[in-house]
Amino acid sequence: MTVQDIRAFNRFYTNVIGALDYSRQLYAPYTLTESRVLYELAHSPRTDAADLRGELSLDAGYLSRILNKFERAGLIERTASRKDPRRVRVTLTPRGRETAALLAERADESVGALLATVPAAERPRLSEAMHTVRTLLSDGRPPRREDVLLREPRPGDLGWMVARNAALYAAEYGFNADYEGLVARIVADFAEDHDPHLERVWIAELDGRPVGCVMCVRDEAPATARLRLLLVEPDARGLGIGDRLVSAVVDFARGVGYRDLVLWTNDVLASARRLYQRHGFVLTAEKRHRSFGQDLNGQDWHLDLTEPTGAGG
């Protein structure tokens, strides 16, 4: 393979995906770079301007012009970072989040249309070829935290949540099929009836596959949200995924006006409990129970969202 081979492939692929006329492809007034900035703001845990520059390898002046455009359009807000007042924190407004979601939907439709031209029998070969390119050009490096993205669920992801919760809890804690039934009911209730402005699911994705999830839903108590179904695949642990998922729920719940965030867990989930504590959750009640084929100690945890953000959250 020569340099010219790679350049020829780049020219071919940019034409296939319409990178040179991205706004026309998505029927939106944003270039490919602008759309990527919106995507990062919607999915990345680090939204300081300096982090965006580093992650996207953008010139500071170019990024500043993009952010100015977004601010004029009411898509973002810029404030001093909580961790370092010298840094600028960039967050999407509700309008900005809607715009990012619309662009993601149109991008999915565009890629879906492209994939539809590939015979079903050839799609595994295409997927393997793409995986090979990514693996070889990453020089065999292990996954990094920045390789993980948080996104909205796609078709099939809710079913994945049920299957992986059931399988992992059976393997790691000996839970029986009763737990799978509980998870299936929770997920079905969300799928059939939820308020997208007040309830959300996040999927953590690594190398094109889901490796984690969490859910934020309304609780029965007034102005209270409930964190549910936090999960991280064993081979993706150590990348801070659980921390990002909990942060996403906390930030979302606080941002839409909930005053309290609660969750129920069992004390055998030691790593999850330590994670909740780091984010400021406080244990409020415990009760022994027999569930999922096991003798367990159930725990209720609570986070006051009206309090200033702690170090963990």
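Colleague: Is Arg290 buried or exposed?

Modeller: Ground rules: this is a predicted model, where local features need pLDDT of at least 70 and side-chain atom pairs count only at pLDDT 80 or more, while totals for chains, interfaces and linings use all residues. Residues are numbered from 1 along each chain as its sequence is written, and side-chain values use heavy atoms, with hydrogens and water left out. By relative accessible area, buried means under 20%, exposed over 50% and partly exposed in between, with a 1.4 Å probe and protein chains only. Arg290 has a relative accessible area of 55%, so it counts as exposed.

Colleague: Which residue meets the side chain of Arg290 in a salt bridge?

Modeller: A salt bridge here is a side-chain nitrogen of Lys or Arg within 4 Å of a carboxyl oxygen of Asp or Glu. The N to O distance for this pair is 3.3 Å.

Colleague: How many salt bridges does the count come to?

Modeller: Some are linked: Arg151, Arg154, Asp157 and Glu205 form a network of salt bridges. By the nitrogen-to-oxygen rule, the count comes to 14.

Colleague: Arg151 forms a salt bridge with Glu205, so how many residues apart in sequence are the parts that this pair ties together?

Modeller: The closest N and O atoms of Arg151 and Glu205 are 2.6 Å apart. Arg151 lies in strand 3 (residues 149-151) and Glu205 in strand 4 (residues 200-206); helices (H or I, at least four residues) and strands (E, at least two) are DSSP runs numbered from the N terminus. Arg151 is buried because its relative accessibility is 5%, and Glu205 is buried too, at 11%.

Colleague: What is the N to O distance between Glu40 and Arg36?

Modeller: Glu40 and Arg36 both lie in helix 3, four residues apart, which is about one turn of the helix. Glu40 counts as buried because its relative accessibility is 10%, whereas Arg36 is partly exposed at 41%. Their side chains meet in a salt bridge, N to O, at 3.0 Å.

Colleague: How far does helix 3 reach from its first C-alpha to its last?

Modeller: Helix 3 covers residues 32-43, twelve in number. The expected span of a helix is 1.5 Å times one less than its number of residues. Helix 3 comes close to that expected value, with a reach of 16 Å.

Colleague: How far apart in space are Leu263 and Asp300, C-alpha to C-alpha?

Modeller: Leu263 lies in strand 7 (residues 260-266) and is buried because its relative accessible area is 1%. Not counting residues up to four places away in sequence, Leu263 touches (heavy atoms within 4.5 Å) residues including Tyr276, Phe281, Asp300 and Trp301. Leu263 and Asp300 are 37 residues apart in sequence, yet their C-alpha distance is 6.0 Å.

Colleague: In which loop or strand does Leu229, with its positive phi, lie?

Modeller: Leu229 is a residue other than glycine with phi near 60 degrees. At 11% relative accessibility, Leu229 counts as buried. Its place is in strand 6.

Colleague: What is the phi of Ala223?

Modeller: Ala223 lies in the loop between strand 5 (209-218) and strand 6 (224-232). Ala223 counts as partly exposed because its relative accessibility is 36%. Although Ala223 is not a glycine, its phi is positive, at about 55 degrees.
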